[in-house]
Amino acid sequence: MAKTGFFDSDPTAIAKAKELKLEMKKLLSNVEEEDGLSVQTIDQLQEALTAFRQATAMRKMAKSSSLEMLETAVSCPDEFRCPLSNELMRDPVVLASGQTYDKLFIQRWLSSGNRTCPKTEQVLPHTALTPNVLIRDMISKWCKTVGLETTNLHESKKAVTRSDREVFNSLLCKVSSSNLQDQRSAAKELRLLTRKGTEFRALFGESSEGITRLVSPLLLNRDKDLEEDVITTLLNISIHDDSNKKLVCENPNVIPLLIDALTRGTVATRSNAAAAIFTLSALDSNKALIGKSGILKPLIDLLEEGNPLAIKDAAAAIFTLCIAHENRSRAVRDGAVRVLGKKISEGLYVDELLALLAMLVTHWKAVEELGELGGVSWLLEITRESECKRNKENAIVILHTICFSDRTKWKEIREEESSHGTITRLAREGTSRAQRKANGILDRLRKAMHLTHTA
């Protein structure tokens, strides 16, 4: 199909607008010369203004982007629209709930402090955004089919200028020098520059040398301010793209420094170190590399301390790492179940921590520990009293695993069901997953009762 001609300036519309401007000037000049406004002059002015407004609108349309023009002329498929903006998605990403949104709009939603999926209202275990490559390719193909230029669908990265490169090299020289004041000022400047735009993040992604020079002062110096700025710069660099994530994670000095920052840094440094681990772990190949480094233990310790600034970052980092099955056994071994159980039983950060516990309970040792910690009682309480459907779902998922793994807990679950009908109610009113798990528990209890009577 031929490309639409919406994007080029329309010379006819431009000429018409100029002509109408001259006509209005002439009419206004006549008004000044006349003692009073005649009806004819007023009508002529109104007609000229209306025509000028139409000509201006045409000119704006001619200058607008292909995407805006096409959206007014062609109805795009619903699956290509962002649920938040109802517009064609420029940069589709997948949320933890599995729903796809335009990156710009879902980031605004999350930045406003929301921790739920706008569409499903599911509490999010983490806020990582994964590019939806399939939908992006489908949108690109559709755009080509209808004759839409796709160059403005995705955010274009700003080009790195010679000036940027000179500033970058100068700051790297300073940060890797032996002068502490130079190191501090350069690290702070790099932190700001990598936060503000993509150019300096891209420069770090060109080779591992830049990252090595950035972290080099921390190998010899434990200055708190310097450490916070360097760790935060690593976080900013990692946000850029998957190539940067790989480059940062595979640098032999980075993971040990992040572990050290988690263990001995200020609260802000520890929080940013956890956020950096969360970001780096979005890449599957990094999950195994980070997990076997021993980093889960300091993350769990940070979680246990419960500082409001750091606890969500720590929980998100642990959750993302434990998407890789081999890291679940490491987390359980390092005491995650005990810490999570204590926090949840105290009613702290239940949404985030219960989702993490539901993931870890697939490991047999986690089931055993929950039984020893009296977890069944507070899980039943959440299932009975929580107003959050997602928390009820995660609680019943954990109870289902316990029920099928430890028959000594059947009595407590059966008593809860006899007294309150908690499991039956969830089997009727819960989410589809919660209903399946609740029915599974009820079926197991019925079979156990039948076996008892038969015996």
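Biologist: How many bridges join strand S1 to S3?

Modeller: This is a predicted model, in which local features need pLDDT of at least 70, side-chain atom pairs count only at pLDDT 80 or more, and totals for chains, interfaces and linings use all residues. Residues are numbered from 1 along each chain as its sequence is written, and side-chain values use heavy atoms, without hydrogens and water. Strands (E, at least two residues) and helices (H or I, at least four) are DSSP runs numbered from the N terminus, and two strands pair if DSSP finds at least two bridges between them. S1 (residues 92-94) and S3 run antiparallel, and the number of bridges that join them is 2.

Biologist: Which residue in S3 does Val94 stand opposite?

Modeller: The open sheet has 3 strands with antiparallel pairing, in the order S2-S1-S3. S2 (100-102) and S3 (130-131) are its edge strands, each pairing on one side only. The residue in S3 that stands opposite Val94 is Thr130.

Biologist: Which helix gives the most to the lining of the second largest pocket?

Modeller: A pocket is an open set of points on a 1 Å grid over the protein atoms alone, where a 1.4 Å probe fits, with protein on both sides within 12 Å along at least five of seven lines, and lining residues have an atom within 4 Å of a point. Of the 16 residues that line the second largest pocket, those closest to its centre are Ala355, Ala358, Met359, Asn394 and Arg433. Helices H19 (350-360) and H22 (389-405) each give two or more residues to this lining. The helix that gives the most, with 5 residues, is H22.
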